[in-house]
Amino acid sequence: MWSGKATVAVLGPGGVGGLLAALLSRAGHRVICLGGPRTVDALGESGIRVRSNQFGNFTARVEAATVLSESVDLCLVTVKHTALDAALDRVPPERLRDGRILPLLNGIEHIDLLRARYGVGQVVPAIIRVESTRTTPGTIEHNSPFVEIDMAAAVPEDLAPLAAQLIAAGVNTRVMPDEHAVLWDKLALLAPLALLTTRYRIPFGGIRSERLPELRTLVEEIATVSRAHGATVEAADVLARYEIFPANTKSSMQRDAEAGRPTELDAIGGAIVRAADRRGLPVPLTRQLVEELAQRPNHAGA
């Protein structure tokens with residue numbers, strides 16, 4: 001795998017998946033985007049158009065299909081949790097027997113689901129840090145000055161070729177030895193931002209100025225659960241990182257709620273509450289926020 005140019009499937013060519021598909025295509029890899037008929041038609045006709053301060057403005061040609069019909073070297077899973085179960089029907093397990101699946105979703109519980117479907121050895125635990133939005137099918141606006149992926153492997157050298165190809169495509173990529181640390185370190189940063197901005201319907205600057213005691217308490221609760229599951233993050237480090245967030249920052253959960261779309265409340269907040277319960281750890285504020293948000297219609301299922 002990855003000895004030269006590869007064939008890559010992208011399940012969910014939205015803001016994140018579309019950007020990665022375009023970067024990999026521009027780097028010379030064959031890219032097959034998987035989506036619904038409208039997306040397939042748009043990508044087949046016009047490719048993926050990217051507007052990015054980091055990478056410039058460019059158009060990348062990709063293939064598109066509703067279901068993967070051939071084997072690939074790598075499949076990026078970039079749908080949201082709310083669409084994951086249905087989307088996986090587009091990727092039959094036999095197409096990944098000799099390849100790997102790289103899920104770039106929020107949360108932690110999807111890893112077990114994917115391993116049960118595709119096999120333990122095929123799934124590479126990973127997270128991505130990027131701000132990128134699909135404005136129309138095939139049009140991507142990349143707003144952050146970075147794209148960063150952390151992958152995990154017990155033997156990091158096993159993923160060195162994959163990491164090298166992602167780096168060559170413009171994605172800053174690291175391979176870490178502990179999957180729990182990779183997944184939980186991101187969740188510890190993401191969850192307080194997502195839960196509070198969505199609960200109070202204000203950007204993060206308002207949370208810092210108006211809800212600071214709650215922010216500190218929530219960060220401490222989630223950091224404690226994260227450390228119990230192998231993360232190395234400390235609450236003080238999370239709060240320090242928040243200081244550089246622009247005041248107008250909104251979480252993706254908040255944006256989904258504002259647009260009336262289903263949110264990832266269960267994958268983010270619900271997963272933390274379940275993990276805390278398994279370890280007997282009290283998380284009263286986290287639980288309260290999850291329960292309050294679950295009463296809103298587009299958070300159903302949390």
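**Close-up views of a predicted model**

**Figure 1. Crossing of helices α6 and α11.** In this predicted model, helix α6 crosses α11 in a left-handed manner. Helix α6 spans residues 179–200, and its axis comes within 10 Å of that of α11, at a crossing angle of roughly 115°. The angle therefore places α6 roughly perpendicular to α11. On the α6 side, the contact is formed by W184, L187, L190, A191, A194 and L195, which meet L265, I268, G269, I272 and A275 of α11. Sorted by class, the residues of this contact comprise 10 nonpolar, 1 polar and no charged.

**Figure 2. Packing of helices α8 and α11.** Helix α8 covers residues 212–228 and helix α11 covers residues 265–279; the two pack at an angle of about 60°, with 10 Å between their axes. Helices α8 and α11 are therefore oblique to each other. Their crossing is left-handed. From α8, the residues I222, V225 and A228 meet I272, A275, A276 and R279 of α11. The contact of α8 with α11 consists of 6 nonpolar residues, no polar residues and 1 charged residue. Residues I272 and A275 of α11 take part in this contact and also in the contact with α6.

Figure 3. An unreviewed UniProt entry assigns the annotation "domain: Ketopantoate reductase C-terminal" to residues 182–294.

Figure 4. In the unreviewed UniProt entry, "domain: Ketopantoate reductase N-terminal" is listed for residues 8–144. Over residues 8–144, the chain is 28% helix and 31% strand. A distance of 24 Å separates the C-alpha atoms at the ends of this stretch.

**Figure 5. Arrangement of the two assigned domains.** The domain assignment of the protein places residues 7–176 in domain 1 and residues 182–295 in domain 2. Taken over C-alpha atoms, the centres of domain 1 and domain 2 are 25 Å apart. Where the two domains meet, 18 residues of domain 1 are in contact with 17 residues of domain 2.

Technical notes
Residues are numbered from 1 along each chain as its sequence is written. This is a predicted model: local features need pLDDT of at least 70, side-chain atom pairs count only at pLDDT 80 or more; totals for chains, interfaces and linings use all residues. Side-chain values use heavy atoms; hydrogens and water are left out. Axes are lines fitted to C-alpha atoms, for helices over the stretch in contact, and angles run from 0 to 180 degrees between N-to-C directions. Helices (H or I, at least four residues) and strands (E, at least two) are DSSP runs, numbered from the N terminus. Angles under 35 degrees count as roughly parallel, over 145 as roughly antiparallel, 65 to 115 as roughly perpendicular and the rest as oblique. A crossing is left-handed if the near helix is turned anticlockwise from the far one by less than a right angle, and right-handed if clockwise. Contact means heavy atoms within 4.5 Å. Ala, Val, Leu, Ile, Met, Phe, Trp, Tyr, Cys and Pro count as nonpolar, Asp, Glu, Lys and Arg as charged, and the others, Gly among them, as polar. UniProt positions are given in the numbering used here, feature names are shortened, and annotations may be inferred rather than shown by experiment. Domain bounds come from an automatic or database domain assignment.
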